Amino acid sequence: MLLLLTFFNDALRGLTHRLLPAFADRLFGGGSSGLAILAGATGIGAAVASVWLSQNRGTERMGRIVLWGLALGIVTTVVFVAARDVWLAVGARLVFGIAAEAALTATIILLQSNVEEGYRSRVMGLWFMVSQLANLSLLAVGPLAERFGLDAPIHGVAALALVALLFFRVRMRR
């Protein structure tokens, strides 16, 4: 299940990151400075999350951080895609950077902490494969964005991520 959440976290990260030029064009009217602002906000958020998680948090809370990170990532993705205000979009990207990086780093911490040393490289290889598989979703986005607009494919991935998150949450309670 952790790998499924990894897939959706990376799909949201990959989609929104690779489509940032289109969003920068929509929000800022084009140019590299708008793209730099959006990418920079995401990067600052990721750095904040990394520093926060490096403060010896222990592994017992990492599962919740993965879940909350993905949940917040879904919400901020929807806000970002819907934003027509530049500063709302920048704020959403900043919070998205925190959420996505927290979920990513917490996942790695959980895998490294709970897998026997002899199997870690295999499990991390599988994790890497799953995270890269998420990039395949980009193949469908272009044609879908052409047909339904820029927002629709990202909302679709966000909805699928929400279903996976809720499924995982229900299973955790059992």
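The model is predicted, with local features needing pLDDT of at least 70 and side-chain atom pairs counting only at pLDDT 80 or more, while totals for chains, interfaces and linings use all residues. Residues are numbered from 1 along each chain as its sequence is written, and side-chain values use heavy atoms, with hydrogens and water left out.

**Exercise 1. Find how many aromatic pairs the structure holds, and classify the pair of Phe-7 and Phe-8.**

Solution. The structure holds 2 aromatic pairs. Rings of Phe, Tyr and Trp (its six-membered ring) pair if their centres lie within 6.5 Å, and planes under 30 degrees apart count as stacked, over 60 as edge-to-face and the rest as tilted. For Phe-7 and Phe-8 the centres are 5.2 Å apart and the angle between the planes is 85°, and the pair is edge-to-face. The next step is accessibility, where buried means under 20% relative accessible area, exposed over 50% and partly exposed in between (1.4 Å probe, protein chains only). Phe-7 has 24% relative accessibility and so counts as partly exposed, whereas Phe-8, with a relative accessible area of 10%, is buried.

**Exercise 2. Classify the pair of Phe-23 and Phe-80, and place its two residues in their helices.**

Solution. The ring centres of Phe-23 and Phe-80 are 4.8 Å apart and the planes stand at 55°, so this pair is tilted. Helices (H or I, at least four residues) and strands (E, at least two) are DSSP runs, numbered from the N terminus. Phe-23 is buried, with a relative accessible area of 1%, and Phe-80 is buried with a relative accessible area of 1%.

**Exercise 3. Describe how H4 packs against H5.**

Solution. Axes are lines fitted to C-alpha atoms, for helices over the stretch in contact, and angles run from 0 to 180 degrees between N-to-C directions. The axes of H4 and helix H5 (residues 86-114) come within 8 Å and cross at roughly 155°. Angles under 35 degrees count as roughly parallel, over 145 as roughly antiparallel, 65 to 115 as roughly perpendicular and the rest as oblique, and H4 is therefore roughly antiparallel to H5. The crossing of H4 and H5 is left-handed, a term used if the near helix is turned anticlockwise from the far one by less than a right angle, with right-handed used if clockwise. Sorted by class, the contact of H4 with H5 has 18 nonpolar, 6 polar and 1 charged residues, where Ala, Val, Leu, Ile, Met, Phe, Trp, Tyr, Cys and Pro count as nonpolar, Asp, Glu, Lys and Arg as charged, and the others, Gly among them, as polar. Ala-106 lies in helix H5, and at 0% relative accessibility Ala-106 counts as buried.

**Exercise 4. Describe the packing of H1 and H7, then examine two residues of H7.**

Solution. Helix H1 (residues 2-18) and helix H7 (residues 137-148) pack at an angle of about 45°, and their axes are 10 Å apart. H1 and H7 are therefore oblique to each other, and their crossing is right-handed. Within helix H7 is Gly-142, which is partly exposed with a relative accessible area of 36%. Phe-148 also has its place in helix H7, and with a relative accessible area of 54% Phe-148 is exposed. Between Phe-148 and Glu-60 there are 88 residues of sequence separation and 42 Å in space, C-alpha to C-alpha.
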